[in-house]
Amino acid sequence: MKLNLDKKSLRGGGFLIIAAVFWGSAFIAQKIAADYPFATNALRFLFGALFLLPVILIFNKIRIKNGKDREELKKEQKNSVIGGIICGVALALATTLQQLGLTFGTTVGKSGFLTALYMVIVPVSGLFFGKKIGLNVWIAVILAIVGAFLMSYTGDFSICTGDILTICCAFAFAINVSLVDKFVKKADGMTLSFFQLLSAGITGSVALIIVNVSKIEVLTAEAFSHIILPVLYIAIFSCGVAYTCQVLGQRDVSAAAATVIMSMESVFSVIFGAIFLKEEISLLMAIGIVLIFTAIMFAQFNPFRKKSKAGGSGIDLENIEILEEKEDPSLKNDNEEDSDDK
């Protein structure tokens, strides 16, 4: 088997694994703040955006100082604002539906599995937009879904209202991943992440106001003091760092492959749960972990891609992107304009 050693794709995969680590670790903090789901949801995104703001300002100053064209930067920022707002609404919808699913009877284990269905939805939906899905991605998706099932199986196959809401959550996450994949190619990754978090925070705040007025969930001073520390951890690491890593990772990894890599979140949640909460890892969970690791290897290292004839080194020199998108006409026109200018 020939391994694809494309540096950009390996870098992108690395960013996505970092995101999965922080998302997995955040389950402990979320468990502490579980009594106030809407408040946690709104505050984590707002604080996450606040954390990113100075980082972006410093980063943009450095880029300009290093010769980044101001007009080009302004164009990137415009795409980042528009894309971030749209992606943020989808993200807020997904996380709210996930939390409502837990509220209306879905177990934590089943929630993890049903949410993971977005790994199937993303590549299938891509087919309707003319995207080709490699055989290795389909194999990776199947392995990851089976792995997620084994890690969350509790012997309960009944369907409740919460399960239906969680399935809707999987569709919302699939929309978010697909939107990030669409916008990130023409935007600045960190700025896009900032406006995604800000948009999700504002959307979540609207939901929080509604549930407060209807007395479903009331955020008191005592409640705020109870959730502030876990919320800050989630905001900085699960939102500020992890969602930025997701955006940066998806610049170099296809949406379908990215969903498989990000499924490592469930693996890390089990590992952190065992370390900090003394939760046991069963044999089925261990098998599930192995299957997800195998799925990531299939997604990142394509054994079915033809070897490049250049150099005869036996290394696949083609881009590792498995989800092959049709050429973006706007990008092509931009390249032609650049050539004319030269």
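Does Phe-194 count as buried or exposed? Select Phe-194 to begin: at 11% relative accessibility, this residue counts as buried, since the cut-off for buried is under 20%. Bear in mind as you click around that this is a predicted model.

**Stop 1: aromatic rings**

The structure holds seven aromatic pairs. As you look at them, remember that a pair of aromatic rings is described by the distance of the centres and the angle of the planes.

Select Phe-45 and Tyr-243 next. Their ring centres are 6.3 Å apart and the planes stand at 50°, so this pair is tilted. Now colour the chain by position: Phe-45 sits in helix 2 (residues 37-65) and Tyr-243 in helix 9 (residues 221-249), so to speak distant parts of the chain, 198 residues apart, that the pair links. Phe-45 is buried, with a relative accessible area of 0%. Tyr-243 is buried too, at 7%.

**Stop 2: a helix pair**

Two packed helices are described by the angle between their axes and the distance between the axes. Show helix 10 (residues 255-262) together with helix 12 (residues 283-300): they pack at an angle of about 155°, and their axes are 9 Å apart. Angles over 145 degrees count as roughly antiparallel, and helix 10 and helix 12 are therefore roughly antiparallel to each other. Their crossing is left-handed.

Which residues make the contact? On helix 10, select Ala-257, Val-260 and Ile-261; on helix 12, select Ala-295, Ile-296, Ala-299 and Gln-300. Sorted by class, the contact of helix 10 with helix 12 has six nonpolar residues, one polar residue and no charged ones.

**Stop 3: Thr-166**

Finish by selecting Thr-166, which lies in helix 7 (residues 161-183). Thr-166 counts as buried, at 0% relative accessibility.

How values were computed. Residues are numbered from 1 along each chain as its sequence is written. This is a predicted model: local features need pLDDT of at least 70, side-chain atom pairs count only at pLDDT 80 or more; totals for chains, interfaces and linings use all residues. Side-chain values use heavy atoms; hydrogens and water are left out. Helices (H or I, at least four residues) and strands (E, at least two) are DSSP runs, numbered from the N terminus. Buried means under 20% relative accessible area, exposed over 50%, partly exposed in between (1.4 Å probe, protein chains only). Axes are lines fitted to C-alpha atoms, for helices over the stretch in contact, and angles run from 0 to 180 degrees between N-to-C directions. Angles under 35 degrees count as roughly parallel, over 145 as roughly antiparallel, 65 to 115 as roughly perpendicular and the rest as oblique. A crossing is left-handed if the near helix is turned anticlockwise from the far one by less than a right angle, and right-handed if clockwise. Contact means heavy atoms within 4.5 Å. Ala, Val, Leu, Ile, Met, Phe, Trp, Tyr, Cys and Pro count as nonpolar, Asp, Glu, Lys and Arg as charged, and the others, Gly among them, as polar. Rings of Phe, Tyr and Trp (its six-membered ring) pair if their centres lie within 6.5 Å; planes under 30 degrees apart count as stacked, over 60 as edge-to-face and the rest as tilted.
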